[in-house]
Amino acid sequence: MRFSLKYNLKWAKWLAEGRIGPFPAAIVMVAAYFALQTIILSLLSSWAGTGVGIDDAEQLIYVPYLWAGYGGSQPPLYTWINWLAAHVFGTSIFTLKLVKYSVLFLAACSVFAAMRRFGYTKATAAAAMFGLFTIPQVVWESQRALSHSVAVVGFCSLLLLAMAYLLERRSMIAYAAFGLATAAAILAKYNDVFLVVALVAAMLSLRELRSAILDPKFAISIAVAILVLAPTTYWSLMHPADLLSRGEKFGIDSQQGRMAAAFVGAGKFIMGTFNFAVLPVFVSALAFGLAGFRFSERHPKGPAREILLWRTLALGLAMLAILVLATGVTVVKDRWLLPVLFMLPLAIVATMERLAPRGRNAQLLVIAAGAIIAVLLAPATWYVQINGTSGLSRMIRVDYPALYRQLTADGPVKTAISDGAWVGNLRLVDEKLVALDQEVPNFETLMQEPAVLVWLDRDDPRPVILDQLKAAGYEPDGQPRQIMVPLLRGTGKSARPGAYVRLKRMVVGGATAPKASGGAEGGQEPD
């Protein structure tokens with residue numbers, strides 16, 4: 001045990017202070033990890049012939065279009081990045097993985113740089129960065145399935161870096177950069193606004209730092225943020241139904257009593273916070289214990305930079321708790337707390353620096369733990385890419401080329417429509433295909449004929465998609481054709497039942513209904 005601990009400390013010390021060429025060793029090793037994951041996961045998917053899960057399939061639907069906003073209550077920034085990557089590298093699983101791991105690398109670099117600009121040592125910066133890998137929602141969920149939550153980690157970390165840069169320089173460029181980072185964080189996920197407010201409020205509460213916010217140049221930050229957010233804000237005001245389309249996921253029930261809802265919501269909030277924080281806190285507590293730390297010893301008072309991290313964390317959680325209690329939210333998922341709780345390992349390792357010399361050994365153990373967790377979980381992410389998990393496996397392991405051949409057996413198809421984002425996987429077979437589901441805003445302007453409606457595991461398509469087709473002026477052309485959709489080998493079942501039907505324009509008053517005028521949503525024609 002003693003030898004193993006000594007070896008880990010020596011290895012972690014090299015990660016904390018070593019260099020590979022002109023770059024810190026920690027940054028290079030994280031870059032290598034993300035690069036290998038991008039390559040390995042892409043190759044495994046190509047070898048196994050798998051598709052992607054619901055989040056990435058949604059991106060495949062939207063990636064042809066550069067709009068100010070998208071459906072499904074989701075902000076646009078992550079899709080913009082995928083749009084750019086797809087135009088450079090093409091539509092593929094490799095592109096999706098490249099974007100995901102690039103954004104995660106942005107998070108790692110931003111955390112490292114922010115801690116350095118706050119004045120912390122290289123060891124503290126490296127511990128903060130590897131501390132992100134002790135967060136299950138980052139090290140596991142982000143690699144397994146998430147998309148917009150990945151953007152939360154990346155652009156909230158970038159916002160923290162912009163704040164550190166602002167405190168260091170207080171120049172016009174620094175204030176403009178903070179405004180731009182603020183807008184980017186909100187465009188990554190709308191609930192990132194809680195981090196923005198918590199950061200500003202925490203700075204105002206600290207005498208040493210509040211002058212940075214009270215400086216007249218802070219108006220530059222506000223102006224830049226408003227300017228960048230303006231197109232998406234306008235889009236959201238014009239499309240309130242698309243903005244609020246997933247409001248039911250919060251579990252707000254007007255029939256439920258206020259006290260009962262508050263009680264349930266408070267319990268869910270506490271459990272979400274616990275599920276998020278339990279591993280980072282456990283790792284940190286174990287590191288403190290192995291380092292021989294004693295809380296009974298006297299230690300210096302925390303500097304303003306450390307208090308800023310803890311106070312931002314506390315204020316953010318307080319705002320979220322008040323929102324849950326005030327609105328009657330009864331569903332709180334741990335990943336929704338990412339904009340605030342991603343700072344937990346950063347605040348902990350900042351405290352460790354102040355508690356030197358044992359705190360320094362605890363930092364090294366956090367570095368080692370984060371690196372070990374990431375490496376050990378890598379094979380699990382490979383397995384998931386090939387086999388999926390629970391419900392995802394049925395989507396990932398569909399033989400999409402075979403499904404595409406069945407859909408085009410009666411002739412070419414330009415648009416495939418379904419009642420779920422899984423249909424986006426067909427764009428991995430034909431990247432020129434228009435794939436739509438019921439959440440795509442104004443999809444009637446995107447439809448290109450010939451078009452088909454396809455559904456799986458049901459006798460009939462869901463009424464919601466039929467209603468939207470009717471509103472768009474389309475109806476089934478004949479009877480549905482039953483199909484068996486092949487699944488990849490080793491899935492258990494060999495096929496899933498499904499059906500499809502070609503679509504035609506509705507006849508209204510003896511004439512074919514005209515296609516809705518105007519270009520694609522946001523004024524853009526589909527590529």
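In which helix is Ile 372 found? The structure is a predicted model, in which local features need pLDDT of at least 70 and side-chain atom pairs count only at pLDDT 80 or more, while totals for chains, interfaces and linings use all residues. Residues are numbered from 1 along each chain as its sequence is written, and side-chain values use heavy atoms, with hydrogens and water left out.

Ile 372 lies in helix H18, where helices are DSSP runs (H or I, at least four residues) numbered from the N terminus. Because its relative accessibility is 34%, Ile 372 counts as partly exposed, a class that falls between buried (under 20% relative accessible area) and exposed (over 50%), with a 1.4 Å probe and protein chains only.

Together with Trp 11, Trp 14, Ile 20, Met 29 and Leu 376, Ile 372 makes a nonpolar surface patch of about 530 Å². Such a patch joins nonpolar side chains (Val, Leu, Ile, Met, Phe, Trp, Tyr) within 5 Å, from residues with over 30% relative accessible area and no salt bridge, the latter being a side-chain nitrogen of Lys or Arg within 4 Å of a carboxyl oxygen of Asp or Glu. At least two residues of the patch come from each of helix H1 (2-17) and helix H18 (358-387).

Helix H18 also gives the most to the lining of the largest cavity, with 3 residues. A cavity is a set of points on a 1 Å grid over the protein atoms alone where a 1.4 Å probe fits but cannot get out, and lining residues have an atom within 4 Å of a point. This cavity has a volume of about 120 Å³, the volume being the space filled by probe spheres set on the points.

Note on methods
Patch = residues over 30% accessible without salt bridge, like charges linked within 9 Å, V, L, I, M, F, W, Y side chains within 5 Å. Areas by Shrake-Rupley, 256 points an atom, 1.4 Å probe, with all protein chains shown as cover. 1 Å grid on protein atoms, 1.4 Å probe; cavity = no way out; pocket = protein on both sides within 12 Å on 5 of 7 lines; lining within 4 Å.
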